[in-house]
Amino acid sequence: MAKTNGEPSLELRGVSKTYGRKAVLAEVSHTFTPGLTLLTGPSGAGKSTLLRLLATVERPNRGVIHWNGAAGARGKLRRTLGYAPQAVDLPEDLTAREFALHIASLKGLSASAADKQFGAITDAIGLHADINNRIASFSGGMRRRLIFAQAMLGAPQVLALDEPTAELDAETARKLGALLLERARDAIVVMTTHLAEELAPHAAAVLRVEAGSVMRTA
Ligand SMILES: Nc1ncnc2c1ncn2[C@@H]1O[C@H](COP(=O)(O)OP(=O)(O)OP(=O)(O)O)[C@@H](O)[C@H]1O
Ligand SMILES: [Mg+2]
């Protein structure tokens, strides 16, 4: 049944994820609503796994994920999803702008809208001067910013961001955080970040992933 109040919601119901015999998430239930949700927890706890499930790049072994009140709505969710993985191979021979235009076309954006949005986002996070350079020449922090910028294209209703502030200097990381908080007024933003403590006062929720479960700590 579709929700009627118009606010997006992404709900995990009894979601379990195992790899081989290893249970990473066990019967996790949580509803994500607009605002910033921070994921914390020890290394290897399952934060990236949870983000991959939200980003529909993996499926739960058990349980269901409801998008706006409906199960099996992966296709609809994908149309309004931005995902920044923790680690990803980028197309080294393309320029950042060419890569962004490619992603934007997959999201159904026109080239002119994509150019405008990519320009604004990269400007805000200090990457704009480099967008016509080949990705092969990019540093770690530049790659992080590009991965973040492609996720933001199309103003998605759901953003799943895995360590988007890694390798960034403090000032750039703060600018990125500010952009996210602005977007989180309308969108469901779920992220892991080493800036969790700093962002926590502005977050709608802080979730701790540990020993298979997800607990709300703030
Ligand atoms: N594709 C996979 N195949 C097998 N095991 C996996 C796979 N992906 C993750 N795991 C295991 O699942 C567990 C959770 O991994 P995950 O990457 O989600 O943790 P994390 O909380 O993101 O850790 P970190 O803080 O180090 O990024 C780990 O034990 C990891 O080894
Ligand atoms: Mg991780």
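Student: Let's start with Val 190. Which residues does Val 190 touch, leaving out those up to four places away in sequence?

Tutor: Keep in mind that this is a predicted model. Val 190 touches Phe 32, Thr 37, Leu 39, Leu 51, Leu 54 and Ala 160 once residues up to four places away are left out.

Student: How do I read that in terms of a core?

Tutor: In soluble globular proteins, nonpolar side chains tend to be buried together. Here the largest nonpolar core has 56 residues, and Val 190 is listed with Phe 148, Ala 160 and Val 189 as having the most contacts inside it. Helix H5, residues 140–152, gives the most to this core, with six residues.

Student: Now the sheets. In what order do the six strands of the open sheet come?

Tutor: The order is E6-E7-E8-E3-E9-E10, and the pairing is mixed. Strand E6 (81–84) and strand E10 (213–216) are the edge strands, each pairing on one side only. From one strand to the next the twist averages 15°.

Student: Where can I see both senses in that mixed pairing?

Tutor: Check each end of the order. E6 and E7 pair in the parallel sense over four bridges, and Gly 82 has Leu 159 in E7 as its bridge partner. Strand E9, residues 205–210, runs antiparallel to E10, with four bridges joining them. There, Val 209 stands opposite Val 214 in E10.

Student: Which helices lie on this sheet?

Tutor: Take H5 for one: it packs on the sheet, touching E6 and E7, and its direction makes about 170° with that of E6. H1 lies across strand E3 (35–40), strand E7 (158–162), strand E8 (188–192), E9 and E10, running at about 155° to E7.

Student: Which way do the residues of E6 point, and are they buried or exposed?

Tutor: In a regular strand the side chains alternate between the two faces of the sheet. In E6, Leu 81 and Tyr 83 point one way while Gly 82 and Ala 84 point the other way, and all are buried.

Student: What about the open sheet of four strands: what is its order?

Tutor: That order is E2-E1-E4-E5, with antiparallel pairing. Strand E2 (22–32) and strand E5 (70–71) stand at the edges with a single partner strand each, so one side of each is left without a neighbour in the sheet. H1 packs on this sheet too, touching E1, E2 and E4, and its direction makes about 125° with that of E1.

Student: How many bridges join E1 to E4, and how many join E4 to E5?

Tutor: Strand E1 (residues 10–19) and strand E4 (residues 62–67) run antiparallel and are joined by five bridges. Arg 13, for instance, stands opposite Val 64 in E4. E4 and E5, also antiparallel, are joined by two bridges, and Trp 67 has Ala 70 in E5 as its bridge partner. The hairpin of E4 and E5 has two residues between the strands, and Asn 68 there takes a positive phi near 50°.

Student: H1 keeps coming up. How many of its eight residues are buried?

Tutor: Six of the eight, which leaves H1 mostly covered. The buried ones are Lys 47, Ser 48, Leu 50, Leu 51, Leu 53 and Leu 54. Just after H1, Thr 56 takes a positive phi of about 60°.

Student: And what surrounds ligand 1?

Tutor: Start with the list, then sort it. The residues around ligand 1 are Tyr 19, Val 24, Gly 41, Ser 43, Gly 44, Ala 45, Gly 46, Lys 47, Ser 48, Thr 49 and Gln 86. By class, that shell has three nonpolar, seven polar and one charged residues. Helix H1 (residues 47–54) gives the most to the shell, with three residues.

Terms used. Residues numbered from 1 in each chain as written. Chains lettered and ligands numbered in written order. Predicted model: local features only at pLDDT ≥ 70, side-chain atom pairs only at ≥ 80, totals over all residues. Near = placed C-beta within 6 Å. Nonpolar A, V, L, I, M, F, W, Y, C, P; charged D, E, K, R; others polar. Core = buried A, V, L, I, M, F, W, Y, C linked by C-beta atoms within 7 Å. Buried ≥ 20, exposed ≤ 12 C-beta atoms within 10 Å, placed from the backbone. Contact = placed C-beta atoms within 7 Å. Pairing = 2+ DSSP bridges. Axes fitted to C-alpha atoms, helices over the stretch in contact; angles between N-to-C directions.
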